[in-house]
2 protein chains.
Amino acid sequence: MDEDKLLALAKRRGFFYPAFEIYGGVAGLYEYGPMGAALKANIADRWRRFYVLGEGFAEIDSPNVSPEEVFAASGHVKEFTDFSVECTKCREAFRADHLVKDIENPAALGADGLSAALKGQGAKCPSCGGELSVPQKVNLMFKTQIGPTANSRVGYLRPETAQAMFFSFVNHYRHFREQLPFGVVQVGRGFRNEISPRQGLLRQREFNMMEAEVFVHPERKTWPRFHEVADDRLRLVSNDGKEHVIAAKDAVHKGIIKNEALAYFVALTQRFLLDVGIDPKRLRFRQHLTNEMAHYASDCWDAEVELSYGWVEAVGVADRGSYDLDQHIRHSGAQLTAFERFAEANEVERDVIAPVHARLGPLFKGKAKAIAAAMESAEGLAVESDGTIKLAIDGAEVTVPPECFERKRVREKVSGRRFVPHVIEPSYGLDRILYSVMEHSYHEEEKEEYTVMRLPISVAPIKFGVFPLMAKDGLDGFAMKLDAELRDAGVVTSYDDSGSIGRRYARMDEVGTPFCVTVDHETLEKGTVTIRDRDSKAQVRVPAKELAALAPRLLRHGFSVAKGGK
Amino acid sequence: MDEDKLLALAKRRGFFYPAFEIYGGVAGLYEYGPMGAALKANIADRWRRFYVLGEGFAEIDSPNVSPEEVFAASGHVKEFTDFSVECTKCREAFRADHLVKDIENPAALGADGLSAALKGQGAKCPSCGGELSVPQKVNLMFKTQIGPTANSRVGYLRPETAQAMFFSFVNHYRHFREQLPFGVVQVGRGFRNEISPRQGLLRQREFNMMEAEVFVHPERKTWPRFHEVADDRLRLVSNDGKEHVIAAKDAVHKGIIKNEALAYFVALTQRFLLDVGIDPKRLRFRQHLTNEMAHYASDCWDAEVELSYGWVEAVGVADRGSYDLDQHIRHSGAQLTAFERFAEANEVERDVIAPVHARLGPLFKGKAKAIAAAMESAEGLAVESDGTIKLAIDGAEVTVPPECFERKRVREKVSGRRFVPHVIEPSYGLDRILYSVMEHSYHEEEKEEYTVMRLPISVAPIKFGVFPLMAKDGLDGFAMKLDAELRDAGVVTSYDDSGSIGRRYARMDEVGTPFCVTVDHETLEKGTVTIRDRDSKAQVRVPAKELAALAPRLLRHGFSVAKGGK
C-alpha cells in the first residue's frame with residue numbers, strides 16, 4: 001500500500017501527526033489527535049484484558065524521571081548507545097549503522113567495524129554529499145537534572161518501563177503474598193533520544209510501551225495455563241533461518257522455543273495481536289540471532305508485522321534470566337529474592353559475620369542499626385583483602401572496619417532458601433502496534449478515493465455515528481437524544497448532521513466506525529431507526545428505544561446480532 | 001486524621017510509596033502500586049465520563065518532551081520560577097517563600113521582598129541552623145537536549161499538558177468542523193522540578209493532570225447546558241474574603257463568578273469531585289486573589305479540599321482570555337483563529353502588502369512560496385522603520401526587503417472575520433484528587449486497627465473479593481471458576497483463599513472493595529453464594545449462576561440491588 005495516503009488520512013482525521021508543527025516540528029515526536037488517542041487507549045485496554053484481567057497480573061505506574069543509579073544498575077548508562085557520524089559540512093547527524101550497506105546486522109558492529117565498513121563503501125553524507133566524521137558512541141537516554149539548584153542529582157528519562165518492576169520487586173512480591181509465578185505490568189512512556197529518527201510512528205524519541213515482567217522459578221519455567229494455547233499454530237522463524245508453522249506445544253517439545261513459559265507468552269502475543277486487528281498473514285515470530293540477543297537473554301522472539309516499510313518488530317518476548325534482579329541486588333544491596341520452603345527443615349552449619357554492636361554504635365551512630373541489619377541479612381558477604389567489609393546502605397557504600405564484626409560458625413535450622421527469580425518479559429511497542437493495525441485495516445474501495453478503516457469493533461475510536469436524515473422536522477432533536485442516551489451508557493458516538501448521508505457514512509468509514517444509526521421520517525412514525533454496518537454496508541431497522549440496550553451486544557458480537565433481531 | 005497511618009496503609013497495600021526506595025528514594029517522586037494505579041485509572045475514567053462522553057470534548061495525547069520554542073511562547077521559560085535559598089553550611093536548598101513567616105501570600109514577593117523578609121525575621125537553615133544565601137530565581141522546568149549529538153536542540157519536560165491544545169489549535173478546530181464552543185482535553189504527565197518537595201503526593205516533581213481547554217467566543221461566554229447545573233449549590237469564597245453558599249445561576253447573576261461558562265465548569269468540577277468520593281463538607285471554591293492570579297486571567301477559582309495538611313488546591317478553573325493563543329500566534333506566525341460569518345457580506349477597502357513574486361523567487365528560492373503566502377494571509381502586518389517586513393516562517397523570523405513587496409489599497413467583499421477564541425481552563429491535579437479521595441474515604445471502626453476505605457464503587461481498585469470458605473471440598477475450584485467468569489465479564493476481582501474469612505474481609509475493606517462473594521457448602525448444595533456489603537456488612541445469598549449478570553447492576557446501583565433480588 002501507499003503509506004503516504006495513510007499518513008495523510010492520519011493527519012486529516014486526527015489519528016496522529018508530527019508534534020509542534022507550528023514551530024517546524026521535531027523529528028521523532030508525534031501527537032495523537034482525538035481518533036489516535038482513542039485508538040491507542042482502546043488497544044491498551046484490550047492488552048489489559050489479556051494481561052491484567054486475563055492473567056491476573058498487577059499494573060503499576062512509576063515515574064518517567066529516574067535517578068542515575070537505576071540505569072547504572074540496569075546497564076543503560078553503559079550500553080544504551082548507538083554510533084553517530086556527523087557530516088563535516090552540513091553538520092547533520094546519522095546513525096552510523098544505518099549508512100552501512102551489504103552487511104547483515106550492522107548494529108552489532110563496534111566503532112572500528114563501522115569505521116572500516118563506511119570507509120570501505122566510500123560513504124558520504126546522504127543529505128549534502130559531504131565527508132563524514134568517524135563514528136562516535138553516544139548514549140541514547142534523555143539526560144536531565146533532578147532539583148533546579150546546584151544541589152541536584154543526575155536524572156534520565158526511562159528508556160523502558162521495565163525497571164520499576166525490578167527495583168520495586170519486594171513490594172510486588174508482597175502484593176502477590178510471596179507466591180511465584182506472578183507478573184507485574186506497566187503501560188507508559190519510554191524515551192530514546194534517537195540520532196536521526198525516521199519512519200514516523202515506528203521510531204519515535206518518545207513512545208508508548210506495554211510491558212510485563214513475569215517472575216518465575218528458575219527451575220520451573222512452565223506455565224499453569226499453557227494447555228489453553230498449546231494447540232495455537234505459530235509461524236516461527238528460528239535463528240538457523242528455518243521457518244516453522246507449528247503448534248505452540250510442538251515448538252516447546254522440539255526445543256524451538258526454549259521453555260513453556262516463553263512459548264505461552266509468544267502464543268498470548270499472537271492472540272492479542274490478532275484480537276486488535278493484525279492480519280494473521282502478515283505476522284511472524286522471529287528468534288533473535290546470537291549476535292543480536294542481549295548477552296544475558298537465553299532466548300528471545302520478536303513478533304514481526306509486515307508493513308509497507310518491510311517486516312517490523314512490534315513485540316519482543318525474552319527470557320531474561322535473573323540478570324535484572326541480580327544487577328539491582330549488586331548495586332543497591334537490597335534483597336530482591338523469593339523464598340521457597342524445603343519439604344523438611346535441614347540443620348546446617350555456616351559461617352556468619354556478626355556485628356559487634358558496642359563498636360558499631362559509636363562509630364556509625366544513626367546508621368549503626370541499618371549496618372548491623374545488613375550484615376545479618378547479607379548472604380555470602382566477603383571480607384576484603386584489607387580486613388574490612390563493604391555494605392550498600394541506602395544506595396551508598398559503607399566500609400566497616402574489622403573491630404566492628406566477628407566471624408562465627410553457627411548451627412541453625414534452615415527451613416528453606418532464598419533465590420533470585422527468573423524473568424520472562426513480553427514487551428509491546430504500542431505505537432508500532434497502532435500503526436500496524438491502521439495499515440492492516442486500511443481498505444480502498446472501488447473508486448480509489450473511498451477509504452474504509454476495517455478496525456475491530458473493540459478498538460474503533462468511535463462506535464456509533466448518529467445522524468438525522470435531515471437537520472429538521474425534529475429529526476435532529478430525536479437523533480441528539482439518542483446520541484446522548486448512548487453516551488450516557490458509556491458508548492463513544494459521533495453526532496453529525498452536516499452534508500449528505502453518503503458523505504457522513506464516508507466520514508465514519510474513514511475512521512473505522514463500525515455502526516451508523518440514522519433517524520428518518522419513519523422513525524417519527526414507527527419509532528424505528530436504521531443501523532448500517534461498516535463492512536457489509538447492510539442496513540436493518542430496529543426500535544429506537546432498544547438501541548441503548550442493544551449497543552453492548554452489537555459491540556461484543558457484531559452486526560449479526562442486529563440482523564437476528566430484525 | 002493521622003496521615004501517617006494512611007501513608008503506612010498506602011505503602012503496605014500498594015497504593016503508593018516513594019519511588020526508587022532501594023536507591024534511597026528521590027524527593028518528589030512516587031510510584032503507584034497495583035491499588036493506586038487502578039484507583040488513579042478509575043478516577044481518570046470517571047473524569048472522561050464527564051468531559052469526553054458528557055461534554056463531547058476531544059482527548060488528545062502529546063509528547064512530554066517539547067522544544068524550547070513552546071515554552072518561550074507560553075511564558076514558562078521566563079515565568080515558571082521560584083526563588084531558592086541555599087544553606088551556606090549544609091548546602092540544602094529551600095523555597096525562599098516557604099521560609100517567610102507572617103506575610104500573606106509570600107509567593108507574590110520578588111527577590112528583594114523575600115530577601116528583606118528573611119533578613120527581617122532572622123531566618124536560618126531549618127535543617128542545621130546555618131546562614132542562608134540570598135534568594136536566587138530558578139526555573140522549574142526539567143531541561144534536556146533533543147538529539148544526542150552536538151547537533152541537538154534544547155528541550156523541556158512540559159510543566160502542564162495544556163500547551164498542545166493551543167499550539168495544535170488548527171487541527172482541533174478542524175476536528176470540530178470549525179464550530180465554537182468546543183473543548184480539547186488531555187490526561188497525562190506534568191513535570192515541575194521543585195526545589196524542595198514535601199507533602200507526599202501533593203507536591204511531586206512528576207505528576208498527573210487532567211486538563212480541558214474550552215474554546216469559546218470572546219463575546220459569548222455562555223454555555224449551552226448551563227441550565228443543567230444552574231441550581232447546584234456551590235460554596236464560594238470570593239476574593240473579598242466573603243463566603244457564599246449559593247446556586248450556580250445566582251453566582252453568575254450577582255457577578256461573583258464572572259461568566260456563565262466559567263460557572264458551568266466550577267459546577268461540573270463539584271459534580272465530578274463528589275462523584276469520585278470527595279466529602280461535600282470538605283470542599284469549597286476559592287477565588288484567586290488579585291496578586292495571585294496570572295496577569296492574563298480575568299477570573300480564576302480553585303476547588304480546595306480540606307485535608308490533614310489544611311485546605312489544598314485540587315482543581316483550578318480559570319478564564320484565560322486569548323492569552324495562550326495570542327502568544328503562540330506571535331511566536332510562530334501560525335493563524336490560530338476561528339472564523340465567523342457576518343449576517344451579510346460587507347464591501348470594504350483595505351491596505352494590503354502584496355508579494356512581488358518576480359523578486360521573492362530569486363532571493364528566497366524554496367521559501368518564496370511560504371513567504372508570499374504568509375504575506376497574503378497576515379493581518380495587520382507592519383512595515384518596519386527600515387522599510388522591511390518581518391515574518392515568522394516555520395518558527396524562524398525572515399526579513400523581507402522592500403523590493404519584494406508592494407503596498408496596495410484593495411476593495412473586497414468580506415463575508416466574515418477571523419478572531420482569536422477565548423479559553424476557559426479546568427485543570428485537575430489527579431494525584432491530589434486521588435490522595436484526597438483516600439483521606440475522605442478512610443474510616444476506622446470500633447477497634448482502632450480496623451480500617452475501611454469507603455471508596456465509591458466506581459473508583460474502587462477491586463470490585464469483588466471472591467473467597468471459598470475453605471480451600472477444600474471443591475469450594476476453591478468453584479470459587480476460582482466464579483472469579484474467572486467475573487474477570488471475563490471485565491470485572492476486576494481478587495481471589496483469596498488464605499486465612500480466616502474475617503481476615504479476608506478485612507483485607508478487602510482496607511483497599512475499599514465494595515463486595516465480597518463467598519462460596520460455602522450451601523453453594524454446592526443449593527447453588528447460592530453470599531454477597532457481603534463493605535459498608536453495612538450486610539449479606540445476602542444469590543444464585544451463583546446469576547452473579548456475572550448481576551455484577552454490572554451491583555456496580556452501577558449498589559448493594560440494594562442484591563438485597564432486592566433476595
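A: A polar contact is here a pair of N or O atoms within 3.5 Å; within protein, one must be able to donate a hydrogen and the other to accept it. Please note that this is a predicted model.

Q: Which backbone oxygen does the side chain of A:R13 reach?
A: The side chain of A:R13 comes to 2.9 Å from the backbone oxygen of A:R507. A further polar contact, at 3.0 Å, joins the side chain of A:R13 to the side chain of A:E510.

Q: Where does A:R13 lie?
A: A:R13 is in the loop between helix 1 (3-12) and strand 1 (16-18) of chain A.

Q: Is A:R13 buried or exposed?
A: A:R13 has a relative accessible area of 18%. Buried means under 20%, so A:R13 counts as buried.

Q: And what is A:R13 in contact with, leaving aside its neighbours within four places in sequence?
A: Those residues are A:M35, A:R507, A:E510 and A:V511.

Q: Another loop, then. Where is the place of A:Q204?
A: A:Q204 sits in the loop between strand 10 (182-191) and strand 11 (206-216) of chain A. With 5% relative accessibility, A:Q204 is buried. A polar atom of the A:Q204 side chain lies 3.3 Å from the backbone oxygen of A:L201. Apart from neighbours within four places in sequence, A:Q204 has contacts that include A:G28, A:Y30 and A:D431.

Q: Let us step back. How many helices and strands does chain A have?
A: The secondary structure of chain A consists of 20 helices and 28 strands. Its C-alpha trace spans about 95 × 65 × 55 Å along the principal axes. Chain A has 566 residues, of which 56% count as buried. Among contacts in chain A between residues at least 6 apart in sequence, 66% join residues at least 24 apart.

Q: Changing topic: how many aromatic pairs are there over all chains?
A: A search of the whole structure gives 55 aromatic pairs. In one of them, B:W47 and B:Y428, the ring centres are 5.6 Å apart and the planes stand at 75°, so the pair is edge-to-face. This pair links distant parts of the chain: B:W47 is in helix 2 (residues 34-54) of chain B and B:Y428 in strand 21 (residues 422-429) of chain B, 381 residues apart.

Q: Are B:W47 and B:Y428 buried or exposed?
A: B:W47 is buried, at 0% relative accessibility, and B:Y428 is buried with a relative accessible area of 1%.

Q: How are the rings of B:F169 and B:Y173 arranged?
A: B:F169 and B:Y173 are stacked, with 5.5 Å from centre to centre and 15° between the planes. The two residues are four apart in helix 8 (residues 169-175) of chain B, so about one helical turn separates them. Both B:F169 and B:Y173 are buried.

Q: Which residues of chain A do ring pairs link into a cluster?
A: The cluster comprises A:W47, A:F50, A:Y51, A:F57, A:W223, A:Y264, A:F265, A:F272 and A:Y428.

Q: Over which ring face does A:R284 lie?
A: A:R284 lies over the face of A:W311, 4.1 Å from the ring centre. In a further case, A:R532 is over the face of A:Y505, at 4.2 Å from the ring centre.

Q: Finally, how many residues of chain B are in contact with chain A?
A: On the chain B side 88 residues are in contact with 88 residues of chain A. The area buried between the chains is about 6,800 Å², and carbon and sulfur atoms give 56% of that. In chain B, the residues losing the most area to chain A are B:I22, B:Y23 and B:D61, together 12% of what that side buries.

Q: How many salt bridges are there between chain B and chain A?
A: There are six salt bridges between chain B and chain A. One salt bridge joins the side chains of A:D61 and B:K40, at 2.2 Å from N to O. Helix 2 of chain B gives the most to the side of chain B that touches chain A, with seven residues.

Notes: Residues numbered from 1 in each chain as written. Chains lettered and ligands numbered in written order. Predicted model: local features only at pLDDT ≥ 70, side-chain atom pairs only at ≥ 80, totals over all residues. Heavy atoms only, no water. Phe/Tyr/Trp six-rings, centres within 6.5 Å; stacked < 30°, edge-to-face > 60°. Buried < 20%, exposed > 50% of the residue type's maximum accessible area, 1.4 Å probe, protein only. Lys NZ or Arg CZ within 6 Å of the ring centre and 35° of its normal. Contact = heavy atoms within 4.5 Å. Buried area = accessible area lost by both parts, 1.4 Å probe. Salt bridge = Lys/Arg side-chain N within 4 Å of Asp/Glu carboxyl O.
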